[in-house]
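Welcome, and thanks for taking a look at this one. Please have the sequence and the 3D view open as you read.

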Amino acid sequence: MQRVRGHIKIMCDFILVCANSTLGDTMHFHHKSFLAAALTLGLATPALAAPAFEVTHDGVIDGSQIIDFHFNMDELQITITDSSTFLAYVIASSIGPTANETVLLLYRAGEFDPDNFWNNLLNPIMNNTPLNGPFPEGQYVLPVVANWAGDTGTYTLGLLGAILGWGPTQQELLDEMQSAGITLGRLALRQSAGNTSQGARGSFVARDLQSPLSFGDFEDGEAPVISTKNGQLMGNVYAWVNFNGFIARGSANDYSGSGVQIGADISVSPNMVLGLSLGHDDLNANTATTSTSGDFTYVQPYLGYRSGAWSGELALLYGQADYKQTSAGGVGRADSDVWALSIAAQRDIALSDMLTFTPMASARYGEEKITGKSGTLAGTGSTTVDYSELSLGARWTRSVRDTLVYTGLHLDYVTTDAPAALAGGGYDPDGLSGRVELGGAFPITANGDLMIGAEMGGIGSELTNYSGQMRFVFSF
């Protein structure tokens with residue numbers, strides 16, 4: 001009798017309802033199993049063969065959690081990551097007289113009330129049948145309920161298009177994407193802007209070797225002071241290739257990138273060169289909650305000007321990036337458009353025949369428009385973040401026969417409107433930090449040089465970064 005009374009109780013309370021049904025809509029079935037009642041109305045189907053589930057979970061209904069005052073359950077939190085493929089199914093269980101007698105219920109996060117389970121219910125109640133959507137991607141509560149009052153036991157749940165647990169909210173994922181995108185873009189731009197500046201200065205040096213007195217206000221017989229050294233230019237084209245890489249680490253996050261940049265310039269006046277560079281970087285970022293990878297391709301025209309010992313460079317960058325973000329909530333994809341402007345100026349001062357001191361200043365500004373495309377970032381729209389970076393410093397260059405070695409000290413000041421308080425462990429990139437550099441250059445052919453350099457930046461900030469480059473120069 002106790003079984004029968006329990007069975008009648010679930011027929012009264014575990015109603016065959018759709019979302020937002022009321023008690024006035026209830027249909028009662030006496031002295032039938034829950035599955036039989038559902039089959040009578042055509043609202044359920046017999047158990048299906050289990051597909052290849054992406055996630056399986058071994059759970060226990062032990063009586064510690066109660067729904068509707070009488071029935072035992074195991075309340076799970078899940079995140080639907082793919083609405084089109086979502087499926088939840090109890091593959092096997094030891095619950096009920098014939099085993100595998102369970103009911104799956106679905107609620108949005110924060111909308112489940114065990115004492116009033118019919119409120120906010122999203123799915124029809126069916127015994128031991130697959131639960132599928134489509135339901136929007138996001139966070140949900142999934143109670144696994146024993147069909148008979150007082151029953152306990154074990155079960156195995158399979159999930160497709162969903163994961164166990166609640167990952168970061170969509171806003172948190174968007175914040176992480178913005179922070180990762182602008183940090184990776186800032187570090188990549190610092191390298192690319194440095195490469196174009198180095199390219200313009202190297203071009204002038206090569207042209208000086210071709211015609212030492214054709215630039216600036218030098219007196220007869222006085223060679224220009226230089227801070228780089230290249231092979232003699234044979235024609236009007238100066239070309240270079242840079243292989244770059246950087247790593248940045250904070251207390252709860254790290255960033256890295258590697259890529260190649262090529263460029264070439266021509267002389268458009270005695271004191272001016274005009275060039276164009278193309279680049280591609282593979283970018284990565286990791287925090288406690290997300291992992292982001294991306295491909296960044298860009299074009300960067302540049303202009304170099306020199307008058308005597310003074311020189312300056314101006315560069316404009318446009319690039320596009322494709323990002324893939326992985327979190328506990330699944331995979332999201334985003335695109336970004338990047339605009340950036342950089343300007344630099346320096347003056348070479350001869351301290352001796354072999355030593356040059358070069359004070360320098362530079363400024364960089366960048367904007368990145370990030371657009372969520374699919375997965376966990378679908379529907380986030382477009383958002384724009386920006387940053388600016390100012391640098392002051394100096395470089396010492398020593399010439400030893402055909403080889404140059406240099407070292408530099410710099411101060412960098414960064415501001416950005418990207419989110420700093422992140423779910424994955426944020427950092428505040430704003431503020432002042434130090435940077436040191438070391439490198440050298442030497443000829444490898446009559447008209448080609450090799451330059452190797454390394455930097456350590458972010459000293460004194462929350463994100464220390466390391467970068468390196470290998471540069472090949474060709475004059476023809």
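What follows is a short briefing on strand pairing, salt bridges and a surface patch.

Please keep in mind that this is a predicted model. Eight salt bridges are counted here, and a nonpolar patch lies on the surface.

**Strand β9 and its partners**

- Strand β1 (residues 55–61) runs antiparallel to β9, and seven bridges join the two.
- Within that pairing, you will find valine 55 opposite leucine 159 of β9.
- Strand β4 (residues 87–93) is also antiparallel to β9, with six bridges between them.
- Here tyrosine 89 has glycine 158 in β9 as its bridge partner.

**Salt bridges around glutamate 389**

- Side chains of opposite charge can pair when their charged atoms come close.
- Arginine 186 and glutamate 389 form a salt bridge, with their closest N and O atoms 3.9 Å apart.
- This pair connects distant parts of the chain, since arginine 186 belongs to helix α3 (residues 170–210) and glutamate 389 to strand β19 (residues 382–400), 203 residues apart.
- Both arginine 186 and glutamate 389 are buried.
- Glutamate 389 also forms a salt bridge with arginine 190, where the closest N and O atoms are 2.3 Å apart.
- That pair again links strand β19 with helix α3, its two residues being 199 apart in the chain.
- Glutamate 389 counts as buried because its relative accessibility is 0%, and arginine 190 is buried at 11%.

- Arginine 395 and glutamate 437 meet through their side chains in a salt bridge of 3.0 Å, N to O.
- Arginine 395 sits in strand β19 and glutamate 437 in strand β21, 42 residues apart.
- Arginine 395 is buried with a relative accessible area of 8%, and glutamate 437 counts as buried at 5%.
- Through shared partners, salt bridges join Arg186, Arg190, Arg364, Glu389, Asp412, Arg435 and Glu455 into one network.

**The nonpolar surface patch**

- Phe243, Val260, Ile262, Leu278, Phe442, Ile444, Ile452 and Met470 make up this patch, and together they have about 640 Å² of accessible area.
- Strands β12 (253–269) and β21 (431–445) are the elements that each give two or more residues to the patch.
- Isoleucine 444 lies in strand β21 and counts as partly exposed because its relative accessibility is 45%.

Key: Residues are numbered from 1 along each chain as its sequence is written. This is a predicted model: local features need pLDDT of at least 70, side-chain atom pairs count only at pLDDT 80 or more; totals for chains, interfaces and linings use all residues. Side-chain values use heavy atoms; hydrogens and water are left out. Patches are made of residues with over 30% relative accessible area and no salt bridge: like charges are joined within 9 Å, nonpolar side chains (Val, Leu, Ile, Met, Phe, Trp, Tyr) within 5 Å. Accessible areas come from the Shrake-Rupley method with a 1.4 Å probe; for residues, only the protein chains shown count as cover. A salt bridge is a side-chain nitrogen of Lys or Arg within 4 Å of a carboxyl oxygen of Asp or Glu. Helices (H or I, at least four residues) and strands (E, at least two) are DSSP runs, numbered from the N terminus. Buried means under 20% relative accessible area, exposed over 50%, partly exposed in between (1.4 Å probe, protein chains only). Two strands pair if DSSP finds at least two bridges between them.
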